[in-house]
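Hello,

Here is the structure I promised to pass on. My notes follow below it.

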Amino acid sequence: MSCPGNGAIWCLTVIVPLHGRMEHEFARPNLKGCTAELKGVERMTIAFLKLARKLLPVGLYNGLISVAYLAKVVISLGGTVRQTCPICGFIGRFSAFGLPPRFNARCPKCRSLERHRLFVLCDVKHELLNTQQSVLHFAPEEAISTFISGRVRDCTTADIESGQADLQLDLENVDLPGAAFDVVIANHVLEHVDDAKALKEIFRILRPGGRFISMVPIVEGWERTYENPSIRTPAEREHHFGWRDHVRYYGRDYRDRILRTGFQLEEFGASGAECAKYGLVRGDKVFVGTKPGAVASLGD
Ligand SMILES: [Zn+2]
């Protein structure tokens, strides 16, 4: 590989891919395996950067590394590996999503995110949905709406905002009769609302044997959910709870909240290999609460 004359291209093609490796080299200088893989210009680049580290003022060297890091981030926004979308079948690079960006997150064809693909994978593996179910989908996600509609008997969508779904409903006070649906789906919704009220309402509108399927942002390392009534402004909520209109950050006790409502609980995730193949967030779970009682008879 020859060294291009243009400095910017040289930076992007040589320094950027090596940036991570450089950090590793400096951190573990005796790791022979890494340097053994390097050849030609790669070795020269490492030698150049090591020399620059010795000769340049700290500020200038850090600036050089920062530029390389920034360029690496920009390049990675378009995806770093080929992955497979289980929803639309796309195979290729997924784009970044969110701030700070999550790399390899969004399928460019169906625009699904990690949680959408996990939902579909869990349904395919565990048959959460079937053609006999009547479903209510809160805050419907475009990436999985078509999939859900094709899997069940009928699907009604609902949102607290008017014009966003079939029904305008407040999840804390649902204006529907009891035992009306076989399945309620609410992904990344409960962290926005009074979840005790919402869970009670979801339990009420489900038929006996019905399922509540949910996903939430959760920190499995926390025994208890983080809630703080002194946090009120959007900026404070983003800092404390991860998003401007979240009102808590769940810990492991999310399960207790579902169980306390009266549901029986199952949870489903993906293996490490599946996370790598389908672009999933490692450790993400699909929670399925089942209302005790007989499964609703068909065609009721
Ligand atoms: Zn897709």
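Start with helix α5: 10 of its 13 residues are buried, so the rest of the structure largely encloses it. Buried means 20 or more other C-beta atoms within 10 Å of the residue's own, exposed means 12 or fewer, and partly exposed is in between; the C-beta atoms are placed from the backbone. The model is predicted, so to speak plainly: local features need pLDDT of at least 70, side-chain atom pairs count only at pLDDT 80 or more, and totals for chains, interfaces and linings use all residues. Numbering runs from 1 along each chain as its sequence is written.

The buried residues of α5 are E114, R115, H116, R117, L118, F119, V120, L121, C122 and D123. The helix covers residues 114–126 and spans 18 Å from first C-alpha to last, close to the 18 Å expected at 1.5 Å a residue. (Expected span is 1.5 Å times one less than the number of residues. Helices are DSSP runs of H or I, at least four residues, and strands are runs of E, at least two, numbered from the N terminus.) Just after α5, E127 has a positive phi of about 50°.

**α5 and α6**

Helix α6 is residues 142–151. Its axis lies 10 Å from that of α5, at an angle of about 15°. That makes the pair roughly parallel. (Axes are lines fitted to C-alpha atoms, for helices over the stretch in contact; angles run from 0 to 180 degrees between N-to-C directions. Under 35 degrees is roughly parallel, over 145 roughly antiparallel, 65 to 115 roughly perpendicular, and the rest oblique.) The crossing is left-handed: the near helix is turned anticlockwise from the far one by less than a right angle, whereas clockwise would be right-handed.

From α5, H116, F119, V120 and D123 meet A143, I144, F147 and R151 of α6. Contact means C-beta atoms, placed from the backbone, within 7 Å. By class there are five nonpolar, one polar and two charged residues. (Ala, Val, Leu, Ile, Met, Phe, Trp, Tyr, Cys and Pro count as nonpolar; Asp, Glu, Lys and Arg as charged; the others, Gly among them, as polar.)

**α7 and α9**

Helices α7 (residues 195–205) and α9 (residues 254–261) cross at roughly 45°, with axes coming within 9 Å. They are therefore oblique. This crossing is right-handed. D195, L199, K200 and F203 of α7 touch R257, I258 and T261 of α9.

**D154**

D154 sits in strand β6, residues 154–159. D154 is exposed, with 11 other C-beta atoms within 10 Å.

Best wishes

Terms used
Contact = placed C-beta atoms within 7 Å.
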